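This report describes selected features of one structure. The sequence and model are shown first.

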Amino acid sequence: MATPTPAQITAINDTVAGLGFMQKAILTDLVKKLPDALLPDELPERMLGGIRQGASDEHLLIATNLRILLVHKPPISFSGKLKMKEAAWTQVTGVNWRSGLLVHHLIIHQGRTKWDCEIPGINGKGRGIEMAEFLETKIPRPSDSKQTKSPRDNKANQLQMIERMVHHEHIPGSEWKQLPDILQQEEVPELLAHGEYDDRNGLKVSSVENKLGLLAATDRRLVFVSKPPIGRRKVYEFAYKDIAEAKLSKGLMMGALTIRINGRTEIFRAPNPQVEQVARHLEGNIG
């Protein structure tokens, strides 16, 4: 077991004091092992316990001076080691909070992936909102990096993120190469889907008449890019703040995402896994 520094002991005790009585009792063993997960110069600043992530065991969400951690101790573990997810603050791109009746959701975005932290119970709402607000203050904003990053650096970072998504999702076509020129300064691309866009207000038209291209979900909006072999590039954008509703319907192979925006109905069709990811992404960004 790692030996914590005096500063870490003080920081751990201070943050543990912010947990609820039941959380302290349930997470005692987990907190004792916490020094094993910390880096030498790392200090916890805020904790939130009682979190579930697709499992029955308890997780502890920890915000430190260097990163964010989601740790838990498996019920059966021969090594006794903690399991954890981690992300440096520079990798966290957004935080969303959704209140429910019995279960609340604190969603942490890390590029195109997200951590969906379920917080059960009425008492979890207040502490969850406080944690969400604290995380918001830790996420680097575009203004934080304006003095150190040039526009060329930002475009290079955007292209790297896009290329990773294209490779991972096997996105066909060449429209993705157009995205760095379309994205705004500091805009973060998070999801890509290749398919059709029906811009005729929901009227049923043939696939030939629909526009083929790339749908990109960023941290700010949906962007559809169409670049036919002959002709000009066409770009359609839909700001999240203007989207009133989003619905997903899945078929055998292809799914449809229908959005209602400024009194219009827009439909995007793409392979089920891709369009489903975009629909889930919209859940945390509209409304």
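Predicted model: local features only at pLDDT ≥ 70, side-chain atom pairs only at ≥ 80, totals over all residues.

Strand E12 (residues 243–250) runs antiparallel to strand E13 (residues 254–261), and seven bridges join the two. Isoleucine 243 lies opposite isoleucine 261 of E13.

E13 also pairs with strand E14 (residues 264–271), again in the antiparallel sense, over eight bridges. Arginine 260 has threonine 265 in E14 as its bridge partner. Two residues separate the strands in the hairpin of E13 and E14, where asparagine 262 adopts a positive phi near 50 degrees.

## Nonpolar cores

The largest nonpolar core has 21 residues, of which Leu222, Phe238, Ile243, Ile259 and Phe268 touch the most other members. Two or more residues each come from strands E8 (189–198), E9 (211–218), E10 (221–226) and E11 (234–239), from E13 and E14, and from helix H7 (272–283). H7 supplies the largest share, four residues.

Leaving aside residues up to four places away in sequence, the contacts of phenylalanine 268 include Leu215, Leu222, Phe224, Phe238, Ile259 and Val275. A second, separate core contains 20 residues, among them Val92, Ile108, Cys117 and Leu135.

## Glutamate 58

Glutamate 58 sits in the loop between strand E1 (44–51) and strand E2 (59–64). Is glutamate 58 buried or partly exposed? Its relative accessible area is 21%, so glutamate 58 counts as partly exposed, since buried means under 20%.

The C-alpha atoms of glutamate 58 and leucine 27 are 7.7 Å apart, with a sequence separation of 31 residues.

Technical notes. Residues numbered from 1 in each chain as written. Heavy atoms only, no water. Pairing = 2+ DSSP bridges. Buried < 20%, exposed > 50% of the residue type's maximum accessible area, 1.4 Å probe, protein only. Core = buried A, V, L, I, M, F, W, Y, C linked by side-chain atoms within 4.5 Å. Contact = heavy atoms within 4.5 Å.
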